[in-house]
Amino acid sequence: MAVFTVTNLTDSVNGAGDGVSLREALLAAQSTPGPHTIVFAAELAGQVIELTAALPAITQDGLGIEGGVVLDFSGLPDTPGMAAWSVQASYTTISGLSFQGLKGTQVGLFIEATEPGEVLEGITITGCDFAGSGTEGAYAIRMGTSPLTEAVGSLVRGVTIEGCTFADFGGDATTVHLQASGASNAIENVTVSGSTFTNCTFPVELVVFESAGARIEGTLIQGNTFTANHQPISLFGGGNSAQGFIGSTVITKNYFEGSENPSVSINAGTTTASDNVIGDTRVENNLFVDSQGVWVGGGAGIDNSVQGVLVANNTITDGGGVALILSEGGSGNGVSGLEIVNTIFSGGSNPFFGPVTDEHVFNCILPGGMLGGVNGNIVADPQFIDAANGDFRLQPDSPAIDGGIALAAPAADIDGQTRVDNLLVDGPSAVDIGAFEFAGSALDDELDFGAGLQSLRLAGSIIDHDISREPSVLTVTGPAGTDALHNLERLVFDDRGLAYDLALGEAAGSTVRIIGVVFGSAAIEVHPDWVGIGLDWFDQGVPMLEACTAVAGLLSYSNEQLVATLYANVIGQAPSAAQAQPFVALLEGGMSHGELIRIAAEYGPTAERIGIAQLQQTGVEFS
């Protein structure tokens, strides 16, 4: 592998001994088999290369360009659709470059398949900056097949656009444009992540256009920031397309603010489209601030359809606008399989427009009476921590906590926090509504969880936290600060939990009493998994006698063995024959083993024997 270093800012190929230009480095790197790398001399960092013509197309696999300079394309002729730089080879990486001066409908980077049956893959664009003119319709990045060759049966796959910035791409073009055109061409497994889009008309668009049987599948749009854009994400059956397919698209963990139109638009077809399908789209864990949320429509044209859209665990603060729009369309167009689950709609009086009914909406928080009380939907204030200052996490008494259903929820929230059953009383199926799973308070807060069984989950390991307890106050110090927590019964970390509901008749109290009298007090510390099983039983309402009977069934002890075991664990020594005889007689007279275990567990001295007082200070570990 060779490394070619660009040493001057000219845009010439002259061999005049004045150093190496970018154009010369590109030609040299592609003159012999690679892979090769192009870098820029340190003294060129941040400086501008003024280009006078399109850069040589990248046609050799395995070329890496590591930037640090600005490429100014303003000197290029204003030729519609012109590619300022074309990537026509696999395993290409472009990083750290800045693109500016694109105009008209030029394309900054065109990742294009040019030959029938060609496979173009493994292309990464990372840490690059793209600046548009603000009014003209230039494209920053476009991928698909060349509109000139219309290669048949070609495939572009495995493209990653990560950590880039895009600003001021106006007009009627798309900033990042995935276009499957021609016959049976495809784009697969494209990721757009960790990037920012500001003041763009169409920041990210997936479109089948002027095509027959073209498809786009497996697109991931994740962790991006969209600010003051017209219509941030679009899935679209474009003009003169037939039997096109856009499927398995995941739109997750994005932040939208100030979108002029719906932030996510799913439109199966325009007036000249037919038989297109947009299927299996997931819109989850996104935060929409003062923005419309999602538009789903069958579109115009003939027999176009959207099949399967899951809108799950989003937080949409629409500032009084419409948060979700459903439009079936006409001429055989339609929408099926739309589900709106675990989502907070905050602001305005009616978040929906179109034929949205109770067949679509489940376990959401709504601002008005529509669908409230149906399918687990709640009409309530979601109780954000500080919405006015952009903090849309949940307060401890938010109705969103454990108001959702886990079946449709992503495993983690917008911040990567694992979704859990915070209250531990509704079974394993309860998660929080909205983009943020409740994970405790902000730094150095004092929270009162009130009456009833309450649990708090904190990120990280238990060993990363210092925990002390006064009668009803837990003080927890960890990476997130110090919190004073009143009336909290369970504290859950990523690796294990601590239970403090140890009074007689409470879940943890009943659990450790049973374990202590049957297996000895040491088993409480040795087997946090047993403690976890007991908590699950009692949280689900299993009666004490039923739990004791289940444990007895695992032992298969004789009457004498059971009495000896319980006596030794409660009193601290083995019973004599005379001491054991009354209890054996009770069992021989018809008392069940489960009943005798229950009596021993609830016997007064048992609490002292198994160290309940100490456990109330330290908590009992469970897993």
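Which residues make a nonpolar surface patch of about 260 Å²? In this predicted model, the patch is formed by Phe519, Trp530 and Ile533. Of these residues, Ile533 belongs to helix H4, which spans residues 528-539. Its relative accessibility is 43%, so Ile533 counts as partly exposed.

Strand E6 is joined to strand E9 (residues 107-113) by four bridges, and the two run parallel. Within this pairing, Val87 has Ile111 of E9 as its bridge partner. As a general principle, strands of a sheet pair through backbone hydrogen bonds, in either a parallel or an antiparallel manner.

**The pairings of strand E13**

Strand E13 (residues 155-162) is joined to strand E10 (residues 119-126) by seven bridges, in the parallel sense. Strand E13 also runs parallel to strand E16 (residues 186-188), with three bridges between them. A further parallel pairing, again of three bridges, links E13 to strand E17 (residues 191-193). Individual residue pairs illustrate these contacts. Leu120 has Val156 in E13 as its bridge partner, Arg157 stands opposite Glu188 in E16, and Ile161 is partnered by Val192 in E17.

**The four-stranded sheet**

Another open sheet has four strands in the order E43-E47-E46-E45, and its pairing is mixed. Strand E43 (446-448) and strand E45 (466-470) are the edge strands, each pairing on one side only. From one strand to the next, the twist averages 20°. Three bridges connect E43 with strand E47 (residues 481-486), and these two strands run parallel. Here Leu447 has Leu485 in E47 as its bridge partner.

**Cysteines**

How many disulfides does a search of the whole structure find? The search finds zero. A disulfide requires two cysteine sulfur atoms within 2.5 Å. The sulfur of Cys128 has its closest cysteine sulfur in Cys164, at 5.0 Å, and this separation is therefore too far for a bond. Cys128 is buried, with a relative accessible area of 0%. Cys548 is likewise buried, at 0% relative accessibility.

**Backbone features**

Most residues other than glycine have a negative phi, and most peptide bonds are trans. Several places in the model depart from this pattern, as the following paragraphs and table describe.

Gly34 and Pro35 are joined by a cis peptide bond, with omega of about 5°. Pro35 is located in the loop between helix H1 (22-29) and strand E2 (36-40).

Asp280 has a positive phi, near 55°, and is not a glycine. Its place is in strand E27 (residues 277-284). Asn487, also not a glycine, has a positive phi of about 55°. Asn487 lies in the loop between E47 and strand E48 (490-492), and E47 is a member of the four-stranded sheet described above.

The table sets out the accessibility of these two residues.

| Residue | Relative accessibility | Class |
|---|---|---|
| Asp280 | 46% | partly exposed |
| Asn487 | 30% | partly exposed |

Conventions. Residues are numbered from 1 along each chain as its sequence is written. This is a predicted model: local features need pLDDT of at least 70, side-chain atom pairs count only at pLDDT 80 or more; totals for chains, interfaces and linings use all residues. Side-chain values use heavy atoms; hydrogens and water are left out. Buried means under 20% relative accessible area, exposed over 50%, partly exposed in between (1.4 Å probe, protein chains only). Two strands pair if DSSP finds at least two bridges between them. Axes are lines fitted to C-alpha atoms, for helices over the stretch in contact, and angles run from 0 to 180 degrees between N-to-C directions. Patches are made of residues with over 30% relative accessible area and no salt bridge: like charges are joined within 9 Å, nonpolar side chains (Val, Leu, Ile, Met, Phe, Trp, Tyr) within 5 Å. Accessible areas come from the Shrake-Rupley method with a 1.4 Å probe; for residues, only the protein chains shown count as cover. A salt bridge is a side-chain nitrogen of Lys or Arg within 4 Å of a carboxyl oxygen of Asp or Glu.
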